[in-house]
Amino acid sequence: MSTTVDAIFCYLTNTTEFIANNRSISTEEHTSRFCRFQNRHLVYDELNDIVGKSRVQFATVRHPVQRFLSGFVDKCICEAEEVKKLCLKCNDNLICFIEKLYSYLNDVYASNKTLKGYNYDLAHFAPQNWYCNFYNHFDDYIIIRQGENREEIMEHAQKLEMILRSANVPDRYRKEINRQLLTHLSQSDEKEQTSSFTVA
């Protein structure tokens, strides 16, 4: 979901260039996204200093088990086919990865250090609150739960639209963002139907 949110902010802050380069919110990919090094701040307090208090702040959260399993399949199995030594050098070995991840997360937590930079494994597998500073600022966030099925995804899109409206994002941009999110949902449905048909 972070790639999609990055694409939304890229579209909002670089609309002309985004469209001129035939980019789409629903098809942006993490490694080749248009605004790859823009609109990203990994340290909550630094972002707070830049943006100030007059903002609408939201976080998209996902059930931890679903997030872990999805991340493991995507990062440790699919991506590991192309890039060796991912997922703490365990690749698709689940037991190896869980043991190393548990130890690594404990070490990071015990060191009590604020996460300052991007770390591939932490970004995908550390508790989401580590980057969002929920401990001190949970009440400042509007929380959106990431959908796992069609109804939840549509609800997610509606909540995001309300947040963008409350942030005074113009109507035409909100409509386009919503259209692209729902287009992505339709494409996912078609893939599922094709897969189901092929299997049957």
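The exercises below work through the disulfides, aromatic pairs and salt bridges of a predicted model. Local features are taken at pLDDT of at least 70 and side-chain atom pairs only at pLDDT 80 or more, while totals for chains, interfaces and linings use all residues. Residues are numbered from 1 along each chain as its sequence is written, and side-chain values use heavy atoms, with hydrogens and water left out.

**Exercise 1. Disulfides**

Task: State how many disulfides the structure holds, and describe the link of Cys-10 and Cys-35.

Solution. A disulfide is counted when a pair of cysteine sulfur atoms lies within 2.5 Å. By this criterion the structure has three disulfides.

Step 1, the bond. Cys-10 is joined to Cys-35 with an S to S distance of 1.9 Å. The angle about the S-S bond is 60°, and the link is right-handed.

Step 2, the position. Helices here are DSSP runs of H or I with at least four residues, numbered from the N terminus.

Step 3, the accessibility. Cys-10 and Cys-35 are both buried. Buried means under 20% relative accessible area, exposed means over 50%, and partly exposed lies in between (1.4 Å probe, protein chains only).

Task: Determine the handedness of the link of Cys-76 and Cys-87 and of the disulfide of Cys-90 and Cys-96.

Solution. Step 1. The sulfur atoms of Cys-76 and Cys-87 are 2.0 Å apart. With -95° about the S-S bond, this link is left-handed. Cys-76 sits in helix α4 and Cys-87 in the loop between α4 and α5, eleven residues apart, and the pair links distant parts of the chain. Cys-76 is buried at a relative accessible area of 1%, and Cys-87 is buried at 1% as well.

Step 1. Cys-90 and Cys-96 are joined with an S to S distance of 2.0 Å. The torsion about their S-S bond is about -60°, so this disulfide is left-handed. Cys-90 counts as buried at 6% relative accessibility.

Step 3, the pairing. With the bonded cysteines of the protein chain numbered in sequence order, the pattern is 1-2, 3-4, 5-6. Cys-78 is in no disulfide, and the nearest cysteine sulfur, that of Cys-76, is 9.9 Å away. Cys-78 is partly exposed at 39% relative accessibility.

**Exercise 2. Aromatic pairs**

Task: Classify the ring pair of Phe-68 and Phe-72 and that of Phe-72 and Phe-97.

Solution. Rings of Phe, Tyr and Trp (its six-membered ring) pair if their centres lie within 6.5 Å; planes under 30 degrees apart count as stacked, over 60 as edge-to-face and the rest as tilted. The structure holds eleven aromatic pairs.

Step 1. The ring centres of Phe-68 and Phe-72 are 6.2 Å apart and the planes are at 20°, so the pair is stacked. Both residues lie in helix α4 (residues 64-78), four residues apart, about one turn of the helix.

Step 2. Phe-72 also pairs with Phe-97, at 5.9 Å centre to centre and 35° between the planes, and this pair is tilted. Phe-72 is in helix α4 and Phe-97 in helix α5 (residues 94-111), 25 residues apart, and the pair links distant parts of the chain.

Step 3. Phe-72 and Phe-97 are both buried, with a relative accessible area of 7% for Phe-72.

Step 4. A cluster of rings is formed by Tyr-11, Phe-18, Phe-34 and Tyr-173, linked through ring pairs.

**Exercise 3. Salt bridges**

Solution. A salt bridge is a side-chain nitrogen of Lys or Arg within 4 Å of a carboxyl oxygen of Asp or Glu. The structure holds ten salt bridges.

Step 1. Lys-75 is buried at 11%, whereas Glu-79 is partly exposed at 27%.

Step 2. Asp-171 is partly exposed at 38%, and Arg-174 is buried at 10%.

Step 3. Glu-176 is partly exposed at 21%, as is Arg-179 at 45%.

Step 4. Asp-171 and Arg-174 also belong to a network of salt bridges with Glu-161, Arg-165 and Lys-175.

Definitions and conventions
Helix = DSSP H or I, 4+ residues; strand = E, 2+ residues; numbered from the N terminus.
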